[in-house]
Amino acid sequence: MDSQTIIVRSASCSRSPPAQRDASASISVGEWQGWGTSSQIPAMVVDVIGNLKLLERDMEAQMSFGGLGGKLQGEFKAQEDKKHRATYQALNDSEKKLQFFAARQIACRLLGSRGYLCQKCWLAMEDCMCTKLVPRSLWHGIQFWLYMHPKDFLRQNNTGKLLWQIFGIQAASLCLFGIQEHEEIMWNAFKHAGKDMVWCLYPNKNASPKSVQDIFSPGLSTNVESQSLAILENKPLNFILIDGTWSNSAAMFRRLKLLTDHIAISVKEHAKLTWGDDELPCISLSKPSVSAMHKLRPQPSWDRTCTAAAAIGLLAELHTVPSFSTFGLENQAEAVENGLDVLLDALTARRLRMGRSITRRERRSNHIPNSQVSL
């Protein structure tokens with residue numbers, strides 16, 4: 001089977017009116033990359049889609065999807081559940097289990113969204129907001145990594161997607177949690193950059209995260225002039241934004257710290273030499289702001305914000321560092337903020353059109369102080 005092109009039947013979608021689709025339509029590298037990545041189709045996603053095709057043939061039934069996240073429906077779902085549970089239980093390695101879970105989530109969301117969601121903005125076709133977004137360049141000295149949980153992949157109210165929609169997929173790279181190919185790409189970039197050029201925007205409770213001023217102000221822990229030189233040598237500042245629900249964030253952060261235990265041996269040995277056993281460096285925001293998306297997306301507490309708002313705060317605080325003040329970071333932060341407003345307007349209009357409430361539902365949760373990053 002070609003690892004980059006799989007023939008699949010059209011997946012009917014109960015969320016939108018029926019449409020005539022080519023029964024031999026293929027999922028090509030171009031289509032995969034159209035969702036916001038520059039990678040090839042992950043091998044395990046290819047395998048999952050191939051298995052879905054085989055099950056279609058065996059059952060003489062067609063896949064159908066509906067509901068949130070492009071979930072399988074009907075009798076096909078019942079049989080596929082049995083098959084995937086058996087496959088999962090037969091895997092005796094926790095890493096393979098995680099990879100299989102991630103690949104299945106992504107494959108179903110990919111197939112269930114075809115012909116329904118806009119590939120660029122991940123909104124339903126009738127709600128597409130692409131013409132309202134204004135692209136602009138991100139300062140070449142910054143590289144964002146959106147470390148995204150599979151359940152947030154193609155989620156309409158996801159805000160991390162705004163970063164590559166505005167800045168481009170090279171400046172804001174998508175890395176899917178549990179997808180080996182994506183994690184190796186990200187880790188190789190970190191090896192090239194070096195540990196002093198990589199930070200995770202996350203409130204690590206096991207260590208005190210440093211602020212932007214702690215890290216980049218002259219005379220403190222980091223020499224800004226030497227970092228500027230490294231940037232000129234094509235080694236940008238790498239910032240990881242964990243993009244998933246708060247309940248998934250702890251596992252995602254742990255995986256980031258232990259990534260060298262799960263990636264290919266050839267990568268692992270080099271990574272150990274480069275990084276040793278030190279903690280993943282974390283950075284925090286001094287003045288986290290409430291995201292506009294808080295009106296629609298419930299958060300555990302008001303001090304937590306969405307991924308795009310976290311990026312806005314980071315860019316704004318970096319702009320206050322004298323060495324970075326001439327790179328237009330405040331304008332780049334404003335571009336993301338404008339994009340967030342566009343997304344909020346599109347989601348609000350959809351809810352109103354569908355007769356759904358636009359009032360935020362309060363959620364009870366233990367308050368966790370100093371939680372600057374949302375997912």
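Phe 253 counts as buried because its relative accessibility is 4%, where buried denotes under 20% relative accessible area, exposed over 50% and partly exposed in between, with a 1.4 Å probe and protein chains only. The model is a predicted one, in which local features need pLDDT of at least 70 and side-chain atom pairs count only at pLDDT 80 or more, while totals for chains, interfaces and linings use all residues. Residues are numbered from 1 along each chain as its sequence is written, and side-chain values use heavy atoms, with hydrogens and water left out.

Phe 253 belongs to helix 9 (residues 246–257); helices (H or I, at least four residues) and strands (E, at least two) are DSSP runs numbered from the N terminus. Its C-alpha atom is separated by 9.5 Å from that of Tyr 147, 106 residues apart along the chain.

Across the whole structure, 14 aromatic pairs are found. Rings of Phe, Tyr and Trp (its six-membered ring) pair if their centres lie within 6.5 Å, and planes under 30 degrees apart count as stacked, over 60 as edge-to-face and the rest as tilted. Trp 32 and Phe 153 form a tilted pair, 6.0 Å centre to centre with 50° between the planes. Because Trp 32 lies in helix 1 (residues 29–34) and Phe 153 in the loop between strand 6 (142–148) and helix 5 (161–167), this pair ties together parts 121 residues apart in sequence. Trp 32 and Phe 153 are both buried.

Ring pairs also link Trp 139, Phe 144, Trp 199, Phe 216, Phe 239, Phe 324 and Phe 327 into a cluster.
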